[in-house]
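This report goes through a protein model part by part. Look at the sequence and the structure first, then read on.

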Protein chains: 2
Amino acid sequence: MDVGCALCNDQGDLVVWREDLCRVIMVDEPGYPGFCRVILNRHAAEMTDLSVAERDRIMHVVFAVEGVLRETLNPDKINLASLGNMVPHVHWHVIPRWLTDRHFPNPIWAAPRHAESMVKVSPDMLESLKQRLSQLAP
Amino acid sequence: MDVGCALCNDQGDLVVWREDLCRVIMVDEPGYPGFCRVILNRHAAEMTDLSVAERDRIMHVVFAVEGVLRETLNPDKINLASLGNMVPHVHWHVIPRWLTDRHFPNPIWAAPRHAESMVKVSPDMLESLKQRLSQLAP
């Protein structure tokens, strides 16, 4: 554990699933409903700092989240990214994308192309997503 | 194969390694020496469109590339991303990042923070990277 690391502890995140290796959170990002992160519980900066078994496991969790997102929200695309330039602690962004979101087809980190998101995801759909994620079986 | 897809064929890319499932290319991106992509050979949009064995295999290739990049170029961080909003054909960006690159700590798709890259990677280092990638054993 790195005491200065923002991801070594939960920061009031909505943790929807957890095991020894990693946890899944739902991110409150305006215009990006269903945005999830898979966060390694211990402190390591790069995927190749993990054992092969750990890498496989965390990717299986990422792909399980991707599968649930596709089934519950039916987005136009899924974006996966492990960056960690600001917080060098392994975490995967799992981002549902829509043709009607603010940045599409650009990455969400680029300048927005539209002032407003036209993405329509109901509270019921998000609740269904949360329930499905809580029962993740990667 | 999707005849309209830019990644269903090599586009004059520098392919440094290839197997049935996927290939590895070195990307000519100014200011980002060592930028690689791992590209699925057949046409599929999402990782969860692949079999579990195929997902595992392509990730092992991605992590093998990450390992070679770390050993040969010693970057400050590695960024991994599968986006595919423009070209919905599975491809992984494997991007060495440096504190002195144009965008750090932002993603490379954000607005640059510096007009010029101060990254120092010699032609000999890139040749060494190419040689090591050609012998990849994921």
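Which residue forms a salt bridge with B:Arg57? The partner is B:Glu19, and the closest N and O atoms of the two are 2.6 Å apart. B:Arg57 belongs to helix α1 of chain B, while B:Glu19 sits in the loop between β1 (14–18) and β2 (22–26) of chain B, so the pair ties together parts that are 38 residues apart in sequence. B:Arg57 counts as partly exposed, at 27% relative accessibility. The model is predicted, and everything below should be read with that in mind.

## Salt bridges within a chain

Over all chains, a search of the whole structure finds 12 salt bridges.

In chain A, A:Glu54 and A:Arg42 form a salt bridge, with 2.5 Å between the closest N and O atoms. A:Glu54 is part of helix α1 of chain A and A:Arg42 is part of the loop between β3 (36–40) and α1 of chain A, so this pair ties together parts that are 12 residues apart in sequence. A:Arg42 is partly exposed, with a relative accessible area of 37%.

In chain B, a salt bridge joins the side chains of B:Arg97 and B:Asp101, at 2.7 Å from N to O. Are these two residues buried or exposed? B:Arg97 is buried, at 0% relative accessibility, and B:Asp101 is also buried, at 0%.

## The interface between the chains

Chain A and chain B bury about 2900 Å² between them, and 55% of this area is on carbon and sulfur atoms. The residues A:Phe63, A:Lys77 and A:Asn85 supply 22% of the area that chain A buries against chain B, more than any other three residues. The contact involves 34 residues from chain A and 34 residues from chain B.

Four salt bridges are counted between chain A and chain B. One of them pairs the side chains of A:Arg70 and B:Asp49, at 3.0 Å from N to O. Across the interface there are also 26 residue pairs in polar contact. Which elements of chain A take part? On the side of chain A that touches chain B, α1 (52–73), β4 (77–82) and β5 each supply at least two residues. The largest share, nine residues, comes from α1(A). By type, the residues on this side divide into 17 nonpolar, eight polar and nine charged.

B:Asn79 is in strand β4 (residues 77–82) of chain B. The relative accessible area of B:Asn79 is 0%, which means that this residue is buried. A polar atom of the B:Asn79 side chain lies 3.2 Å from the backbone oxygen of A:Leu83.

Leaving aside neighbours within four places in sequence, B:Asn79 is in contact with residues of chain A, including A:Ser82, A:Leu83 and A:Asn85. The contacts of B:Asn79 in chain B include B:His93, B:Val94, B:Ile95 and B:Arg97.

## Aromatic pairs

How many aromatic pairs does a search of the whole structure find? Two are found over all chains. In one of them, the ring centres of A:Trp92 and B:Trp92 are 5.7 Å apart and the planes stand at 85 degrees, so the pair is edge-to-face. A:Trp92 lies in strand β5 (residues 91–97) of chain A and B:Trp92 in strand β5 (residues 91–97) of chain B, so the pair joins two chains. Both A:Trp92 and B:Trp92 are buried.

A:Trp109 and B:Trp109 form a stacked pair, with 6.0 Å from centre to centre and 25 degrees between the planes. A:Trp109 is in the loop between β5 and α2 (123–134) of chain A, and B:Trp109 is in the loop between β5 and α2 (123–134) of chain B, so this pair also joins two chains.

## Backbone details

A cis peptide bond joins A:Phe104 and A:Pro105, with omega about 5 degrees. A:Pro105 is in the loop between β5 and α2 of chain A. In chain B, a cis peptide bond joins B:Phe104 and B:Pro105, with omega about 0 degrees. B:Pro105 is in the loop between β5 and α2 of chain B.

A:Asn74 is not a glycine, yet has a positive phi of about 50 degrees. A:Asn74 lies in the loop between α1 and β4 of chain A and counts as exposed, at 60% relative accessibility. B:Asn74 likewise has a positive phi of about 50 degrees. B:Asn74 lies in the loop between α1 (52–73) and β4 of chain B, and is exposed with a relative accessible area of 60%.

Notes: Residues are numbered from 1 along each chain as its sequence is written. Chains are lettered from A and ligands numbered from 1 in the order in which they are written. This is a predicted model: local features need pLDDT of at least 70, side-chain atom pairs count only at pLDDT 80 or more; totals for chains, interfaces and linings use all residues. Side-chain values use heavy atoms; hydrogens and water are left out. Rings of Phe, Tyr and Trp (its six-membered ring) pair if their centres lie within 6.5 Å; planes under 30 degrees apart count as stacked, over 60 as edge-to-face and the rest as tilted. Helices (H or I, at least four residues) and strands (E, at least two) are DSSP runs, numbered from the N terminus. Buried means under 20% relative accessible area, exposed over 50%, partly exposed in between (1.4 Å probe, protein chains only). Contact means heavy atoms within 4.5 Å. Buried area is the accessible area (1.4 Å probe) that two parts lose on being put together, summed over both. A polar contact is a pair of N or O atoms within 3.5 Å; within protein, one must be able to donate a hydrogen and the other to accept it, and residues adjacent in sequence count only if both atoms are side-chain atoms. Ala, Val, Leu, Ile, Met, Phe, Trp, Tyr, Cys and Pro count as nonpolar, Asp, Glu, Lys and Arg as charged, and the others, Gly among them, as polar.
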